[in-house]
Amino acid sequence: MSDYRPPVSDLAFVLEHVVGYPQVAALPGYEHADLDTVVGLLEDCGDFMVKVVAPTNQTGDVEGAQRDPDGSVRTPAAFKSAYRQYVDAGWGSVPFPEEFDGGGFPWSVGLAIQEMLGSSNMAFALCPLLTQGAIDALLHYGDDAQKNTYLPKMISGEWTGTMNLTEPQAGSDVGALTTRAVPNGDGTYAITGQKIYITYGEHDLSEQIVHLVLARTPGAPAGTRGISCFIVPKFHVHEDGSLGEHNGVSCLSIEHKLGIHGAPTCVLSYENATGYLIGEENLGMRIMFVMMNSARLSVGTQGLSIGERAYQGSLAYAQDRTQGKAIGATVDSPIIDFPDVRRMLMTQKAYLSALRRLVLFNAVQIDLSTHSTDEAARVRASEIVGLLTPISKSFGTDLGVELTSLALQVFGGMGYIEETGAAQHFRDVRITPIYEGTNGIQAADLVGRKLAVRSGASFLEFIATMREIDAELSDAGDAFETIRVQLRTQLDSLEAATGWMLRTGQSDPNAVLAGSSPYLRMWGLTVGGWLMARSALAGEATGDEDLADTQLVLARFYAEQLLPQAAGLFGAATGGARDLFALDADQLAGRVRSGSIG
């Protein structure tokens, strides 16, 4: 058992009343995914995570993954049993197609499961997460033989998957990769090269690892246009599905990292390994984005997951730790009675509530974009997914870092001591703004590709949609007035910043990129405020007085104390690039240049 408490009641409330899950459940093919069934499934899943996965978190961090001299990698001792139980229970298969033995549930349900899995043990959860990206790529681009060979066992979790993109000289610039794929003359390719930062590139949790590897074929165009994607299994697969000899891939080393110690981060060497082309040559970037877009929402959810686990720990500590007397107290008080500790707890709670609503709303839009029977609805949902995915990834992971730090602060000096677990959460979550595309890349994507959709109309229409709540908040009465006023004010600022971005983008793209990160933060704060306002209105409509009061207080705190930051970012979002480049490297370092004095 562990001290983790799955937030199933909030997940159920958000799905039913805030993000539109009933629309998804009503779609053809989801007849079995009604809300009652989903809530029961989430309750069972939460119970599993508490009993099986969460207890492995701290021990896994201390033990870490180990590479043996023969190149094999051992995960922490508790991981193998937990993973076997995870596979046997079928939790990883829930959101994948029944055609390949999946559960056939919507992606939004799968994301709710991911939140609880990530809270239980982020290092453990990375193995299913990377497999998910590989599954998505094969579902979209694999041929029938590849799907039938690999998907059933990857979806069950019996086999795991990886994404092999990064090389020592090719990080964010994927187009600089040099791994070679030479045709063997029999339809297969010989893959040779080195990949780094490969999560679960080698491990002992599954009998097979299916690597998806980006590489170049002879004569391929330079840059990203000449990249292809290949299946490179750790073991060859016979026609009957049984495993054969070891393929030409080996683990040279594993990284020694700040956090996620239980997850092996590998350097992989490919030496004439047999690879199988996915789709056609030079489609690698398109396939990569399928893997990455799926992973980006999941990584944003990791920020929520670790933030939630850290918050729960800090809340428990604040109730138990006595220190001094609060105003009006006659005996020593628990620190939760002091206003500044309450501020830190409420800040965590409100931000986490907003994040949960954001990522689930994003996931519901994914479901509508793929399964709606109305073509216009699918197209619009796809546009919203494009808008929200970089926001979910960046805002979610930035807040994950900020909130785990705030949780550590609640612990005071004990938070800096490893035994409390607060430090581990802070260390583990720090990678999330970096991997699956740094948050700066997400911001560049937001203003460089997504803002351009229909010349900005997609963004402006979403802002208009958020404005529609104003009348409902006005009708709800005085208790909702500050929420209404603040949301309207921040929507005005966001719309003004969007207008500036659209006017400036063609003439000065560097200026737009300079403001892209604060602009993305404005979006995250404002969408969060809108969804919190929806929660407050929905809470009142349930007739549950306690629920209504909780949702109103959280929405009001968010609107009054967190949301106003959005307008404060307007200057940074629209300030341009002049001063960013005004100082050269010597001036940035504080070095005096020759001839500058005297």
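Author: A181 stands opposite I191 in β5. The model is predicted, so local features need pLDDT of at least 70 and side-chain atom pairs count only at pLDDT 80 or more, while totals for chains, interfaces and linings use all residues. Residues are numbered from 1 along each chain as its sequence is written, and side-chain values use heavy atoms, leaving out hydrogens and water.

Strands β4 (residues 180-183) and β5 (residues 189-199) pair in the antiparallel sense over four bridges; pairing requires at least two DSSP bridges between two strands. Strands (E, at least two residues) and helices (H or I, at least four) are DSSP runs numbered from the N terminus. Five residues lie between β4 and β5 in this hairpin, and in its turn G185 has a positive phi of about 90 degrees.

Among the helices, the axes of α3 (residues 35-53) and α5 (residues 77-89) come within 10 Å and cross at roughly 160 degrees. These axes are lines fitted to C-alpha atoms over the stretch in contact, with angles from 0 to 180 degrees between N-to-C directions. The angle therefore makes α3 roughly antiparallel to α5, a term for angles over 145 degrees. On the α3 side, F48, M49 and V52 make the contact, and on the α5 side A82, Q85, Y86 and A89 do so; contact means heavy atoms within 4.5 Å.

Helix α14 (residues 457-467) has S458, F459, F462, I463 and M466 as its buried residues, buried being under 20% relative accessible area with a 1.4 Å probe, protein chains only. They cover an arc of only 140 degrees around the axis, which puts them on the same side of α14; the arc is taken from the directions from the helix axis to the C-beta atoms.

Technical notes: Buried means under 20% relative accessible area, exposed over 50%, partly exposed in between (1.4 Å probe, protein chains only). Angles under 35 degrees count as roughly parallel, over 145 as roughly antiparallel, 65 to 115 as roughly perpendicular and the rest as oblique.
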